[in-house]
Amino acid sequence: MSEKILEIRHLSKTFGTNLVLKDIDFTCHKGQKIAVIGSTGSGKSTLVKLMNRFYDVSRGSIEINGVDIRKYDLESLHAQIGYVAQKA
């Protein structure tokens, strides 16, 4: 199998007492593309913001190239991720 580039393991996110994302798992391998789709309020933007460390995970981990993103310098992390916010 190809090299893992992005791995999300048992990711959960809460804001206060609100559980927004619960136990998300997926892996993206080199050359793969991922689409994040869902209804309004389903946590799509939160998931992408977590990958950019605009927020930190409440539980679980996000790894890029086998390294937990919390160990990356933010500038270095942001240089590896393209993020385009949706215009309302």
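**Note on the predicted model**

1. The protein contains two helices and four strands. Read from the N terminus, these elements follow the order β-β-α-β-β-α. The radius of gyration is 13 Å, close to the 12 Å that the globule rule gives for 88 residues, so the protein is as compact as a globular protein of that length. The model is a predicted one, and the remarks below should be read accordingly.

2. Concerning overall dimensions, the C-alpha atoms fill a box of roughly 35 × 30 × 25 Å along the principal axes. Of the 88 residues, 27% count as buried. Among contacts with a separation of 6 or more, 50% are accounted for by residues 24 or more positions apart.

3. In soluble globular proteins, nonpolar side chains tend to be buried together. Here, the largest nonpolar core has 14 residues, and the members touching the most others are Leu-6, Ile-8, Leu-11, Leu-50, Ile-62, Ile-64 and Ile-69. At least two residues of this core come from each of strand E1 (4-15), strand E2 (18-29), helix H1 (44-51) and strand E3 (59-64).

4. Beyond its neighbours within four places in sequence, Ile-62 is in contact with Leu-6, Glu-7, Ile-8, Leu-11, Leu-50, Met-51, Val-57, Val-67, Asp-68 and Ile-69.

5. Leu-21, in strand E2, has a relative accessible area of 6%; this is under 20%, and the residue therefore counts as buried. Setting aside neighbours within four places in sequence, its contacts are Leu-11, Ser-12, Lys-13, Ser-42, Gly-43, Thr-46, Leu-47 and Leu-50. The C-alpha atom of Leu-21 is separated by 7.9 Å from that of Leu-47, although the two residues are 26 apart along the chain.

6. Most residues other than glycine have a negative phi. Asp-23, however, has a positive phi near 50°. This residue lies in strand E2 and is partly exposed, with a relative accessible area of 44%.

7. Asn-65 also has a positive phi, of about 55°, although it is not a glycine. Asn-65 is found in the loop between E3 and strand E4 (67-68). Its relative accessibility is 40%, so Asn-65 counts as partly exposed.

Notes: Residues numbered from 1 in each chain as written. Predicted model: local features only at pLDDT ≥ 70, side-chain atom pairs only at ≥ 80, totals over all residues. Heavy atoms only, no water. Core = buried A, V, L, I, M, F, W, Y, C linked by side-chain atoms within 4.5 Å. Buried < 20%, exposed > 50% of the residue type's maximum accessible area, 1.4 Å probe, protein only. Contact = heavy atoms within 4.5 Å. Rg over C-alpha atoms; globule rule 2.2 N^0.38 Å.
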